[in-house]
Amino acid sequence: MLEVKNVTVKYKNIVGVRNVSFKADSGEIIGFIGADGAGKSSTMHAIAGVKRFEGEIIFRGQVYHSPKEAEKIKPQLSLMPQGLGLVLYDNLSVKEHFEFFRNIREVKRDIEYEKRLLNMAGLYEFQDRLAGHLSGGMRQKLSLILALLPRPKLLILDEPTTGVDPISRRELWDIVDGFRKKEGIIALISTAYMQEAEKMDKLLLFDEGEVIARGKADELKESIKDYTYEGEIESEDCFSFNNRTYSLKPLNLKKASPLLEGVFFVNALKKGKKNLKIELEEKEAKLSEVVVKAEGLTKKFGSFIADDHVDLELKSGEILGLLGANGAGKTTFMKMLLGLYPIDEGELYLLGKRIKSYEDRLELKSKIGYMSQRFALYEEMSVKENMEYFAKMHDLSPKETKEKIEYFSTLFGFKKYLNDFPKDLPLGINQRFSLSVALLHEPVVLFLDEPTSGVDTIARATFWKFLREIKEKWKISILITTHYMSEAEYCDRVVVLKRGKKIVDDEVKKLHEKFPGLSFEEIFIKYYEGSA
Amino acid sequence: MKKFLAVFKKEILVFLRNVMLVFILIYAFTFDIYIAGQGIEVKPRNVSIGYVNYSGELLPQKILAHLHAPEFQKPKRFLNEEELKKAIFNKEIMVGIIFDKDFEKNFIRKKEAQLNVIIDSTAAAQAEVSVQYLTQTIYSMIDGKMPVDIKVYKLFNPNSNSKWFMSLSELLSVVTMLSLVLIAVVFVREKEAGTWDIMLLMPVNGALIMFAKVFSQIFIITVGLVMGIGLILFGVFGVPMNGNLLYFFLLTFFFIMAMGGIALVIAAYSNSVLEVSQYTVLVIMPLLFLSGAWTPIHSMAPWLQKLSIISPVKYYIEGAQSIFFRGTEFIDLLPYFAGEIIIGAVLFYLGYRRMGKLF
Amino acid sequence: MKLGVVKAYLKKEFIDLWRSKMIVMVYLIPMMVVILFGYGIRMEVTHSRTVIIDRDNTKMSQEIIRAFSTTKYFDTKVLNITDNEALRLIKQNKADLFIIIPHNFEKNLMHSRNAEIAVYIDGSFPLRATTLEGYVQGVFLNQLEKNGVKVPFKINQRNFFNESMRDENGIIPGLIGLTMLIAPAIIAALLIVKEKEAGTIFNFYSSPVSKIEFLIAKLTPPFILYSFNTFILFLIAVYIFKVPFKGSFLLYFLASEIYIVISIGIGLLVSIITSRQVTALVLTVLITVIPGFLYSGILMPISSMTGESYIEAHMFPVMYYNHLLYDAFLIAQGFNSPKNVEYFFILIFYAAALLFIGSLLLKKELK
């Protein structure tokens, strides 16, 4: 039904994707997986007819070679580009969006159908709310049902679930899945979540502008079965993640059933890539048992209570995961801990000292490291200049600065990028570079706000390895938020927020004991839906 | 101090890497001033002139011969008044002269003749100046026959070289605009790029960051200013410097601090560079309007005159003109410094307070 | 073309303009420009601070002083100070000019000897100085004539179009032309670039909405909004600034509408080559303000231009519109003048050409 033949997409001086070919039948969901910049979006843009390409695409008998020729299939097509609710107009309400999309797609109003979509997305009660006031997850869901509104025969979704919490993610998936069965559509979906990829009918694995593997999830897993071992080890020649180790050379370990993400690791190994070796020197740190202690922290925005009397303890040398749906109050909470928001009610202690005045907060700032969602660093300055700047701000001497830059760039493997600008770096490198900036001044606590969002699997695996090493050897306590529930397994303890209230505060180990056999995602959803 | 310099250096670097800002700075301090200086002419230049002659040839030709380049184009002859008027209506001719039948006769016999001049006075000032020039030219033909000799001395600029004035005025407007935009942008860019939180998390006093940021922009503007004065004002237009250039830079410093206060308020309320530019437009027009740059303040309505006392731009423009042209001594410049410092202190304090809330 | 699509897009644009408060900009900025600059740019100089140093102290000199103090142009002060003290007053910016009536002035005049008067004007602002010079001479000549002194030439000046020589009559229509060039272009460019920046442009790229539908939807709102502005600015000119309106309103209205289309066309071209709102804004201002000022006729009459500037003036649409604008306000030949008709068609040509080029260059795909 959809046939893509030798499609190549070029940008000014780089090739986005080279010679992609595949076929899809109606009712099928094709998953695109691969790292950031591997060519997934380029392929989608070519098929959606919004980007010039070489090659040929045939959809339901219509042949096209350019965006111009693709006009004829556009009535049957919906594209949801990458980004949180990119296609929404902030100043239009949900209802007005429906009206607008209905009219520009020239579909007759079908009240029943629209009601169904709104209910599926849980937006029925919010029809009068402006899109600009919706949370990230709600925006994604709205974008998705708007894409479904014209009952497209070809649905193209570019990372619809990135940055979306597990609850919304599951709902999004249910919408798409229910839909393709009823309407018999072809859906092309790119994703960074392997649990989702497993549910697709067929997968295309992209790497450096090419499709390097394809097939059903099971087939792909089958292909790396010989390289998969149980447990995690530290070596340059193999990658470990999620309690699996992937190696081309035979290891003296027990074989294990492969996970889908293993495909990335095996591919990297086949390409001769080495795992970054990380060994940190042990550092002695005498710290009090409790590093950060928050008692009844409350933040109100007008009548809206973002955080409602939340208690939290971060113990010395532990990784604490702060979880919750979009808009549950995680970021606000973190900002209170950081001293970025004034605290409306409650008390905050750092290393046993109450943080009250402006001076207290200044002192607080020199003891914490922070890494924000977008790894925001100064775009106009090179990696080195950024690091020098932050070093100076933290009172490091020029000699120390030089040593630290040398040390971190070698350790985190971005030495060759020192003179590049952050925007030219691969996301994974940027992430590690941001981490090293947060660590420059040897903080006792590290606050990480969704540090792995949008980053590919290998980089995420490496990143977590660092975090654990830092925790163990340097005794730095880490507070982290994430949407990857598989990553929560790496935390020692998790705190779950729901609508500004704490609903879970327990060790991961204990949670697993409580719900044997369930994945962490399932446990999370159980708690969130109040069935635990 | 080390941290102050670190922020200062960072902002300079960030500015230099931002192609658009550098382009705007260079454009504003060079081309923009050049165009303003070139484009506006006070003396009549190349005025198109037409005439109809019903009189004898001798005297009219003698008069017309005096109307020449660069002030006038070659006078064009029309057959009758209708034709001449038509040309004026079509805006092909700006000044029309009609020599009546008795013109020559009256001049020779009675020593009193009337010359009819029709002028397109759409642009009143140009018309005024052109007629004045015409009158002077004709009177100068009969020099010595006038009973009173009115000797007019134009101080500081005897040849009425408007390029001096216009280029300086534009330079001052550019400083006004850029001090608002650059200082606001240096804060808003952190908001836009998402680095705001990181900035706040530096273990540094907020005041230090704010001052370092503001001073970095003052430095950048000063560099632009030196470029504009050196290359365009002195280099291209040969603007005189009758006072002390140092005073000018000192005055500029206090002025930018005052504008910086306004810029901080703008920056506190905007979340994107686009919003900054919109607010700037809203703020800058009344400021320039109250400055006396275009209309002498004492020609304004009384209530506006009172209002202009609180305009920092007024002290800056008057002070700068006094330094450049009038060569005013320091003691007589004190009122401008006092005005600028008082207003600057108040505005900067207000801006600082408003922005400080975000730190 | 599908009407429903256009209608939906239009509705969305208007809601967005309203809720994003952009509508304030649409009306506030042009009004502010015209009002502020209308009050602000004044070539006429009044109440100039004049110091008269009367060293003659005769009936004649008294009469001259009286003549100066009775006009609105001068605020006179008679002081008995030295030349240097007077100079200092100017340096302190406390006086604009001083006039010295020398000893024996009356006597010299009566005896037909050469009588001399010295006038020192602060020349910092040359236009002001030249204007003042003219006023001073005017006052003196008038005074002489009253006293029966003969002047060999009398100039009988007739002013066309702006008989009372009011600055406003020339400047306000010029400012209308300027804002009508800049403002619609900015809004048109921003409306399109905003979608590019936010990503909502995908709704156009990936849907069956055609280029023409999109263009109509994007360009109609600024067109309609600024059409109202032609009325508002007209009212400001006529009622606040009392600019006479002698010509045909129809000509003014039609020419303005076409001019708005031209401006929008410029905005469209800018939106094609830019992808960020700030860049679009800066670029639009740069390419409209300079020609808008230079070729408006506010600064220099087109008839005075030579060489390149003459050619450039004819290349930009500004000159043609301003010609019609001045005709509507001050000249009133209307469509009876072949030149006006010619210029009118030239404007139509510009509008059509810009829209045509814009719609050709607009691509329904990512760069």
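Q: What makes up the area buried between chain A and chain C?
A: In this predicted model, about 2,500 Å² is buried between chain A and chain C, and carbon and sulfur atoms give 59% of that area. On the side of chain A, A:Tyr89, A:Asn91 and A:Ile104 supply 24% of what that chain buries against chain C, more than any other three residues. The contact takes 29 residues from chain A and 27 residues from chain C.

Q: Why is the pair A:Glu99 and C:Lys11 called a salt bridge?
A: The closest N and O atoms of A:Glu99 and C:Lys11 are 2.7 Å apart. The rule asks for a Lys or Arg side-chain nitrogen within 4 Å of a carboxyl oxygen of Asp or Glu, so the pair qualifies. Across the interface of chain A and chain C, the rule finds five salt bridges.

Q: Which element gives the largest share of the side of chain A that touches chain C?
A: That share, six residues, comes from H3(A).

Q: How do you know that the buried residues of helix H4 of chain A lie on the same side or on opposite sides?
A: The buried residues of H4 (residues 111-121) are A:Tyr113, A:Glu114, A:Leu117, A:Leu118 and A:Ala121. They cover an arc of only 135° around the axis, and therefore lie on the same side of H4(A). The face turned away from that buried side carries A:Ile111 and A:Glu112, which are exposed.

Q: What covers the buried residues of H4(A)?
A: The cover includes helix H3 (94-104), helix H5 (136-148) and helix H6 (166-183) of chain A.

Conventions
Residues are numbered from 1 along each chain as its sequence is written. Chains are lettered from A and ligands numbered from 1 in the order in which they are written. This is a predicted model: local features need pLDDT of at least 70, side-chain atom pairs count only at pLDDT 80 or more; totals for chains, interfaces and linings use all residues. Side-chain values use heavy atoms; hydrogens and water are left out. Buried means under 20% relative accessible area, exposed over 50%, partly exposed in between (1.4 Å probe, protein chains only). Helices (H or I, at least four residues) and strands (E, at least two) are DSSP runs, numbered from the N terminus. The arc is that of the directions from the helix axis to the C-beta atoms. Contact means heavy atoms within 4.5 Å. Buried area is the accessible area (1.4 Å probe) that two parts lose on being put together, summed over both.
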